[in-house]
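Open the model and keep the sequence beside it.

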Amino acid sequence: MTVRTTTKEFLDELAEERHAQAVSYPRRRFAKAAPIPTKILHCALFRVADKRSERRELEAVFPLSSGGYLAYKGPELRQDDGKVFAALAHLTAGFGTCHGAYFKPADFVKLLGWSRSQHSNERLETCLERLRDASLAFYNSVNKKVWVTGLVLEIDYGVKAKPGQWHVSLSDKLRQEAFDHFSQTTHLNIAILAKMSSGLVSWLYAFVLSNECDKPFLLEDLRILSGSNAKSAKEWGTQVREALDVLQERKVLAYESKRGAVIVQKNPRQPRE
């Protein structure tokens with residue numbers, strides 16, 4: 001008979017049991033899916049920026065295209081951080097209340113489409129710690145605060161029971177947003193996302209999938225929502241069209257360019273790889 005000396009040990013064992021059970025069940029719906037609360041894909045939380053530019057500490061308000069806004073405080077998050085968050089959501093999808101992910105860093109960076117190297121492991125560690133340091137509050141359309149949360153709650157780089165693996169705990173609030181309010185969830189294909197560069201292409205992929213696309217998108221609205229620091233309207237328009245060309249080639253969407261706007265139509269049969 002095993003004697004558990006602490007509540008934490010008991011909870012760790014329970015989480016591992018739930019994880020093992022979840023892995024043994026068919027999870028076709030979640031095989032490649034990263035369930036993300038739609039509202040965080042409708043803003044510049046994971047912003048588009050020149051990767052050569054210095055990151056800043058931010059206190060920012062991100063208006064949502066669906067109404068309301070997110071108030072953010074913490075390190076500047078970009079699309080590489082967004083990819084890491086999506087991969088964590090993918091690893092825990094369908095695991096019920098088991099909200100932590102166990103993984104080997106080399107396997108995780110492969111899931112992201114990054115090279116297996118010490119540099120990638122260090123990049124992953126940096127992204128995870130930025131997500132841990134983030135604070136996010138959601139205000140609805142009448143300016144009422146609805147909830148406050150972090151993104152990643154805890155990171156364990158030395159799991160005693162699983163040598164060589166890391167354990168990351170996600171925000172219960174965001175998981176609740178993703179699963180309890182399923183109609184407000186966007187499922188990103190993690191295999192497709194891994195093949196996209198971290199920037200405007202990956203942001204537009206998530207943004208388009210999370211929208212109905214029933215009306216044209218104004219280029220200026222897209223610039224604000226993505227957080228881009230493009231220097232001119234002409235430069236931004238060119239960047240958007242080039243990114244949409246990539247997504248069109250990959251059969252994610254079709255689009256038509258209008259003066260100051262783009263009309264986008266999602267492919268009803270999204271590519272699987």
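His167 is buried, with a relative accessible area of 14%. Buried here means under 20% relative accessible area, exposed means over 50%, and partly exposed lies in between (1.4 Å probe, protein chains only). The model is a predicted one: local features need pLDDT of at least 70, side-chain atom pairs count only at pLDDT 80 or more, and totals for chains, interfaces and linings use all residues. Residues are numbered from 1 along each chain as its sequence is written, and side-chain values use heavy atoms, with hydrogens and water left out.

What does His167 touch? Leaving aside residues up to four places away in sequence, its contacts are Gly100, Ala101, Tyr102, Glu154, Ile155, Asp156 and Val159. Contact means heavy atoms within 4.5 Å.

His167 is found in strand S8. Helices (H or I, at least four residues) and strands (E, at least two) are DSSP runs, numbered from the N terminus. Five of the five residues of S8 (residues 166-170) are buried, so this strand is largely enclosed by the rest of the structure. Trp166, Val168 and Leu170 point one way from S8, while His167 and Ser169 point the other way. In a regular strand the side chains alternate between the two faces of the sheet.

Now look at the partners of S8. Strand S4 (residues 100-103) pairs with S8 in the antiparallel sense over four bridges. Two strands pair if DSSP finds at least two bridges between them. Tyr102 stands opposite His167. Strand S7 (residues 152-156) also pairs with S8 in the antiparallel sense, over four bridges. There, Glu154 stands opposite Ser169.

Another covered strand is S9 (residues 185-189). Four of its five residues are buried. Five bridges join S9 to strand S1 (residues 33-37), and the two run antiparallel. Thr185 in S9 is the bridge partner of Pro37.

Next comes an open sheet of four strands. Its order is S2-S3-S5-S6, with antiparallel pairing. Which strands stand at the edges? They are S2 (57-63) and S6 (145-149); each has a single partner strand, so one side of each is left without a neighbour in the sheet. The twist averages 10° from one strand to the next. S2 and strand S3 (residues 69-75) pair over seven antiparallel bridges. Leu58 stands opposite Gly74 in S3.

Turn to a pair of helices. The axes of H3 (residues 105-112) and H4 (residues 118-132) come within 10 Å and cross at roughly 85°. Axes are lines fitted to C-alpha atoms, for helices over the stretch in contact, and angles run from 0 to 180 degrees between N-to-C directions. H3 is therefore roughly perpendicular to H4, a label that covers 65 to 115 degrees; under 35 counts as roughly parallel, over 145 as roughly antiparallel and the rest as oblique. From H3, Pro105, Ala106, Phe108, Val109 and Leu112 meet Ser120, Asn121 and Leu124 in H4. By class, this contact has six nonpolar, two polar and no charged residues. Ala, Val, Leu, Ile, Met, Phe, Trp, Tyr, Cys and Pro count as nonpolar, Asp, Glu, Lys and Arg as charged, and the others, Gly among them, as polar.

Move on to helix H8 (residues 219-226). Leu219, Leu222, Leu225 and Ser226 are buried there. They cover an arc of only 125° around the axis, which puts them on the same side of H8. The arc is that of the directions from the helix axis to the C-beta atoms. The buried residues of H8 pack against S2, helix H7 (200-209), strand S10 (217-218), helix H9 (233-249) and strand S12 (261-266). Just after H8, Gly227 takes a positive phi of about 75°.

S10 and S12 belong to an open sheet of three strands. The order is S10-S12-S11, and the pairing is antiparallel. S10 and strand S11 (253-258) stand at the edges, each with a single partner strand, so one side of each is left without a neighbour in the sheet. Two bridges join S10 to S12. Phe217 stands opposite Val262 in S12. H9 lies across S11 and S12, running at about 155° to S11.

Finally, step back to the whole protein. Its secondary structure comes to nine helices and 12 strands. Buried residues make up 48% of its 273 residues.
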